[in-house]
Amino acid sequence: MSSVESHEEQLSQSDPSPSPNSCSSFELIDMDVGSLYEPVSPHWFYCKIIDSKETWIPFNSQDSQQLEEAYGSGKDCDRRVVPTDGGRYDVHLGERMRYAVYWDELASEVRRCTWFYKGDKDNKYVPYSESFSQVLEETYMLAVTLDEWKKKLESPNREVIILHNPKLMVHYQPIAGSDEWGSTPTEQGRPRTVKRGVENISVDIHCGEPLQIDHLVFVVHGIGPACDLRFRSIVQCVNDFRSVSLNLLQTHFKKAQENQQIGRVEFLPVNWHSPLHSTGVDVDLQRITLPSINRLRHFTNDTILDVFFYNSPTYCQTIVDTVASEMNRLYVLFLQRNPDFKGGVSIAGHSLGSLILFDILTNQKDSLGDVDSKKDLPSIFMDQGDTPTLEEDLKKLQLSEFFSVFEKEKVDKEALALCTDKDLQEMGIPLGPRKKILNYLRTRKNSVGINRPTPQSPAGANMSNIPKESEFCSSTNGTGNGEHLDVGIGQVPVKYPRLIYKPEIFFAFGSPIGMFLTVRGLKRIDPNYKFPTCKGFFNIYHPFDPVAYRIEPMVVPGVEFEPMLIPHHKGRKRMHLELREGLTRMSMDLKNNLLGSLRMAWKSFTRAPYPALQASETAEETEAEPESSSEKPSDVSTEENLVAVKQEAPPIHVGMLNGGQRIDYVLQEKPIESFNEYLFALQSHLCYWESEDTVLLVLKEIYQTQGIFLDQPLQ
């Protein structure tokens, strides 16, 4: 006989069951209503492996209620599939498993939980299995109904649970290595608390997400499999981004939510790293990798080399195909699961992911039909009408009389672009018209912004008609089968796939787009250029981000101006930034006052000390005083005017890449980050996933397209 059984016999002898005629039966009648048995309210949980440990996470209230309703719906409940977490996961009730819908992820176990015990090393409660929870509930019901406590149960793992009273229930775990003649339950380690019902344990249960989805955003990651300093995947980082957006919708779009004008924005991750490294390239790299400093070399092969892969034609094709096909697949699947969705789609990219999206967007077509030849490209990249012909260009230069000369020599616009001054002279063009034509051709070439020779175009290709396309976008090569592209800005010669939708806004986080364009040889972006299918473009970065570069100086290279400062999500600037600006203004005022005092002192020292000259000097000073007094107010007024002009400066025109609006937006650094910008450089590149300021800017720009604005504009 085991010690547990002997202990149970002792309890049964010392505390016999009462008879129906005993006083305890009358006490049941006189009990308070609160002490009567009430069924436990179940809540559904799922298991996640976090840091190699099992962690049970509760479903939100809305999902748990749906699961419970499906569970109690009847015999067919085992075949039911219940969408949870805003439709991103499906729960198969019969299997008690939770599966990801849009991305690859290990399935999670699901439980209908009623009883919990506290874990060993932390204060988190762990649910019992459904079968053993039912045994505990039945025992508890008997104890409450019959008022018989100190009930003892033994789990299949030889763990002992004792119900002392409704508020004191303990769980004893057997000591490893003890046999059936081991110690009594009270001596078997430290007891752990047992709780009944999810309302009696400390756990955060969210209400759930709005059912209405207003907008869809695809998020593309940068280099490597990890997206932050905690080495989390793009799925986990986008989950944080989505959670921050839900909180900001409640605080900054409260009126719109109360009026049921908005629901939420859905963010879906796009993973291209795994498909790239599943091509077998890792095996090839491993054969040539040196054995020393193994971890650093593995990190280099798995992360840093992604930049070089993107500059390789073979692997660049794999990357752009993966990103575009994955976004198209997610879009189709999302519409299948949300047939009532009528919102727009935007895309966001972090680090190298933003460059991938940029290259894909510059090679899109503004119509759903395929563009078969270059003669169709001008309608895509020219904003108004068709590309002007050679005759129209000559008419604009008031040289129409020479069109017959070019027509006789069979010179079109492309051939004219290759002509030199000597060629024009041999055709009989006078000196003046020759200079006009050459200057016009040189101006058109400079507007492209590439200070290097243009790649040789195939015969018959009228490339000079599309300066914007040659500035930014690739065009289909006229030779061969059209599988490669003749790149005008140094892009890798690959075939860029088509997206099956038109993104409304492109958000770039910590983006190196400006650097890559410069390295590719692009000096200037045509102010009239815009993406063929995307209207908006926001370049968002942290001031200490070592990977981020600006875009606006490439559009307006001759003007120096600051980027747009992103307001703090609680309004105004951070206190240390306002203090810094105040000290800067104060130091400038002190400097100006000090210079003014020194100037007056120098004038007094340089006056002539001779008495003979004092009288005339006094007269001169008297005449000069009105002039100086009249000059001082003018100086003051001039300074005030400059300040007023600075405050009321007209908006800077930065081209049409963002529809005429500003492109570069900089975050405000935190006070602790301002002490040492080098120390927080790496963290600054990975801060966007949990940045409320970044998420709020994204939400603000998305909902502005729908005519919905913040409750209170941020300053």
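In this predicted model, helix H5 (residues 234-252) packs against helix H24 (residues 692-704) at an angle of about 65°, and their axes sit 9 Å apart. That angle makes H5 roughly perpendicular to H24, since angles of 65 to 115 degrees count as roughly perpendicular. As for handedness, H5 and H24 cross in a right-handed way. On the H5 side, the residues involved are Phe-241, Val-244, Ser-245, Leu-248, Leu-249 and His-252. Their partners in H24 are Glu-692, Thr-694, Val-695, Leu-696, Val-698, Leu-699 and Tyr-703. Sorted by class, the contact of H5 with H24 comes out at nine nonpolar, three polar and one charged residues.

Searching the whole structure turns up two cavities of 30 Å³ or more. The second largest cavity holds about 30 Å³ of space, and Phe-241 and Val-698 are among the residues that line it. The rest of that lining is made up of Val-217, Val-219, Phe-267, Ala-348, Phe-509 and Trp-689. Phe-241 and Val-698, then, take part both in the contact between H5 and H24 and in the lining of the second largest cavity.

With helix H9 (residues 294-310), the axes come within 11 Å and cross at roughly 15°. H9 and H11 are therefore roughly parallel to each other, as angles under 35 degrees fall in that group. H9 passes H11 in a left-handed crossing. Here Asp-306, Val-307 and Tyr-310 of H9 make the contact with Leu-352, Leu-355, Ile-356 and Asp-359 of H11. By class, this contact of H9 with H11 has five nonpolar, no polar and two charged residues.

With helix H10 (residues 313-337), H11 packs at an angle of about 80°, the axes lying 10 Å apart. H10 and H11 are therefore roughly perpendicular to each other. From H10, the contact draws on Ile-319, Val-320, Val-323, Ala-324 and Met-327, while H11 brings Ile-356, Leu-357 and Ile-360. The contact of H10 with H11 is made up of eight nonpolar residues, with no polar and no charged ones.

Methods:
Residues are numbered from 1 along each chain as its sequence is written. This is a predicted model: local features need pLDDT of at least 70, side-chain atom pairs count only at pLDDT 80 or more; totals for chains, interfaces and linings use all residues. Side-chain values use heavy atoms; hydrogens and water are left out. Axes are lines fitted to C-alpha atoms, for helices over the stretch in contact, and angles run from 0 to 180 degrees between N-to-C directions. Helices (H or I, at least four residues) and strands (E, at least two) are DSSP runs, numbered from the N terminus. Angles under 35 degrees count as roughly parallel, over 145 as roughly antiparallel, 65 to 115 as roughly perpendicular and the rest as oblique. A crossing is left-handed if the near helix is turned anticlockwise from the far one by less than a right angle, and right-handed if clockwise. Contact means heavy atoms within 4.5 Å. Ala, Val, Leu, Ile, Met, Phe, Trp, Tyr, Cys and Pro count as nonpolar, Asp, Glu, Lys and Arg as charged, and the others, Gly among them, as polar. On a 1 Å grid over the protein atoms alone, a cavity is a set of points where a 1.4 Å probe fits but cannot get out, and a pocket is an open set with protein on both sides within 12 Å along at least five of seven lines; lining residues have an atom within 4 Å of a point. Grid points are joined across faces, edges and corners, and a volume is the space filled by probe spheres set on the points.
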